[in-house]
Amino acid sequence: MRVFKTFLKIAVHKIPTVIMYFVIFAIILICTASDASQNNEFEQTRLVVSVNDLDNSAASRELAKYIAKNHNIVDIGTDDESIQDALYYHTLSYFLTINEGFEEKLENGETDGLFESIKDANYKSQYLDTQLTEYVSAASMFIARGMSAQQACAETSAASDISVEVTVESFSSGEALDSDFAMFIQYLAYVLVLIMMLGLTPILITFNQSDIRRRMDSSALPISRKTMQLILGSSVVTAAVWIAFMLLGVVCYGGKMFTETGGLAMLNSFVYVIIFTGAAVLAAQFDLNANVLSMVSNVISLGMCFLCGVFVPQEMLGNEVLSAAKFLPAYWYVKANNMLFGLGDTAFTAAKYMTYLGVEMLFAIALFTAAMAVARTKMRSSQ
């Protein structure tokens, strides 16, 4: 087991580098997954609004009641300095003036010049603009049916209270899990590639250096045993990396890792890390220095993650992009995760899940086969 012991000694020397990448990417992974997580519950945005009713009619008062029902009303006065100060210090989002003649214009079917507004320069202020437009449109329809402006405004306000119960259906394999946990599993597609390529490949490159390889080949140790010990060492490193991230998941998400969905997600990630063990073995057959290896690893990881749906959901990618992404393993990894966590429109079935894992295993087999072919070609050329 001399080769295996030497492999582990080299791996120990690489541990600081691997730990550095692990910590950096673990922090990025947790922060990104947390930011990217979404809550399925809807909560209406309430702005801080000040209303200046110059019309003081029954219709304008109904409108003021409607705004108060949906937003937080404050009284800051009507002078420009107070308004500008409130907007600057973000104690006010929207100052609305209901112009004189509002009720009369509304009854006559006029929709221009009903309001004037001073608002904060952000997208939230557009929310009240949209509400006012919809309010006037609905009130105008009621007036067209023969109602007075006051009745129309009252009916519009009452109609806004109508709501329906919405049930969110999940297509996941089991109980619903937090989306931040789903994103943690999803972003492993990025982290595992870099860790394996930058952690395992340099160790294998050491053994593939021409002088070291010739010395090992000329020794009494059979090539088959040397190869098996290198495979064993690579397996230990692969298992250690995968277990480290699974333990990180347990620390962050606890029992969610041991649910049915969590277990299947861990299995998916294990198959995925095997793929990039094969990629690391293949990359080690070439004489790559640290800078080139880092560049190649980043291109592969970032390219796959953008094309395959890690950073951008697959449903938002074009058909052409997805057609090309099918030739990359991350596509099938993400496809399986989307089905597991109910993030896509495909309901979970064991057959589909195993099919996706089977496709991933084909990528692993192809990479290991390519690595063996390159290694054999190099051996023949060196003889």
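**Helix packing and confidence in the predicted model**

In this predicted model, Phe181, Ala182, Ile185, Gln186, Leu188 and Ala189 of helix H7 meet Tyr333, Val334, Asn337, Asn338 and Phe341 of helix H14. Sorted by class, the residues in this contact of H7 with H14 comprise eight nonpolar and three polar, with no charged residues. Helix H7 spans residues 179–199 and helix H14 spans residues 329–341, and the two pack with their axes 10 Å apart at an angle of about 170°. Because angles over 145 degrees count as roughly antiparallel, H7 and H14 are roughly antiparallel to each other.

On the H5 side the contact is made by Tyr135, Ala138, Ala139, Phe142 and Ile143, while H6 contributes Ala149, Ala152, Cys153, Glu155, Thr156 and Ser157. The residues of this contact of H5 with H6 divide into eight nonpolar, two polar and one charged.

As to the confidence of the prediction, the chain averages a pLDDT of 82, and 87% of the residues score at least 70. Over residues 37–42, however, the pLDDT is below 50, and this stretch has four contacts in the model beyond near neighbours in sequence. The pLDDT also stays under 50 over residues 172–176, for which the model has 15 contacts beyond four places in sequence.

Note on methods:
Residues numbered from 1 in each chain as written. Predicted model: local features only at pLDDT ≥ 70, side-chain atom pairs only at ≥ 80, totals over all residues. Heavy atoms only, no water. Contact = heavy atoms within 4.5 Å. Helix = DSSP H or I, 4+ residues; strand = E, 2+ residues; numbered from the N terminus. Nonpolar A, V, L, I, M, F, W, Y, C, P; charged D, E, K, R; others polar. pLDDT = per-residue confidence, 0-100. Axes fitted to C-alpha atoms, helices over the stretch in contact; angles between N-to-C directions. Parallel < 35°, antiparallel > 145°, perpendicular 65-115°, else oblique.
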